[in-house]
Amino acid sequence: MKRNSSHMQMILPEDIHWRLAKFMQGRKVFPFIENNELVCIFYLYLISENHDELERKKAVDVATQTVKRISFEINKNTKGNSYMDSDMVRELYLKRQLQIAVDQVENINFRYDQILNDPIILSYCFSQHVSYYKQDYFFQIYGPLNEGEYLNEMRSTLQGAMIMLGFNRKDETMLPFKHPLIPLYIWLKDHQIRVGL
């Protein structure tokens, strides 16, 4: 991953990729996240270390468009119960899987886990579960992060980065930890994400 790029991942529930795989194989039904479970999705926007206000604004604009798209999906799903049928949801994921496979047909390094990490599938997963349970949700942008706002071993990943987190809760006061960035820091440390400068 290079500077001026982005990364997206669902980090809660911790076993979401296993659940997605089982669901897409027809071995789980929708919903595969329980109503009381915390869902966390994050977007990491990488900007140059010597960024200017225009770069920061571009990252905020991308984040704003992402939130609008997810909010649109949530509203659409809430109004149309047919979108919440297990077979319909699976078909949507499988269509996306086929599209990814076709796009990667000549890529000999392509791995199946890329499908389970696909930002569109993960965004669907977030919006569909929030819609199904009619949950509140919020998104918050942090950054660009400066020294002292992250652990030293995450410097290469987070220096100057902007982060947007989304949760299936009304606001950050409803979270079970002191700061919304805590699950991201734990996830990054566990997965040893490194970003090329």
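Colleague: Leaving aside its neighbours within four places in sequence, which residues is Arg-56 in contact with?

Modeller: In this predicted model, Arg-56 is in contact with Pro-144 and Met-162, once neighbours within four places in sequence are set aside.

Colleague: Which helix is Arg-56 found in?

Modeller: Arg-56 belongs to helix H2, which comprises residues 53-79.

Colleague: What is the relative accessible area of Arg-56?

Modeller: The value is 27%, so Arg-56 counts as partly exposed; buried would require under 20% and exposed over 50%.

Colleague: Turning to H3, which of its residues are buried?

Modeller: Ser-86, Val-89, Arg-90, Tyr-93, Arg-96 and Ile-100 are buried in H3. They lie on the same side of H3, because the arc they cover around the axis is only 125 degrees.

Colleague: What covers them?

Modeller: The cover of the buried residues of H3 includes H1, helix H4 (113-116) and helix H5 (119-133).

Colleague: And which exposed residues are on the face turned away from the buried side?

Modeller: That face of H3 carries Asp-87, Lys-95, Leu-98 and Val-102.

Colleague: At what angle do H1 and H3 pack?

Modeller: Helix H1 (residues 16-24) and helix H3 (residues 86-103) pack at about 100 degrees, and their axes are 10 Å apart. H1 is therefore roughly perpendicular to H3.

Colleague: Which residues make that contact?

Modeller: H1 contributes Leu-20, Phe-23 and Met-24, while H3 contributes Ser-86, Val-89, Arg-90, Tyr-93, Leu-94 and Gln-97. Classified by type, the contact of H1 with H3 has six nonpolar, two polar and one charged residues.

How values were computed
Residues numbered from 1 in each chain as written. Predicted model: local features only at pLDDT ≥ 70, side-chain atom pairs only at ≥ 80, totals over all residues. Heavy atoms only, no water. Axes fitted to C-alpha atoms, helices over the stretch in contact; angles between N-to-C directions. Helix = DSSP H or I, 4+ residues; strand = E, 2+ residues; numbered from the N terminus. Parallel < 35°, antiparallel > 145°, perpendicular 65-115°, else oblique. Contact = heavy atoms within 4.5 Å. Nonpolar A, V, L, I, M, F, W, Y, C, P; charged D, E, K, R; others polar. Buried < 20%, exposed > 50% of the residue type's maximum accessible area, 1.4 Å probe, protein only. Arc of directions from axis to C-beta.
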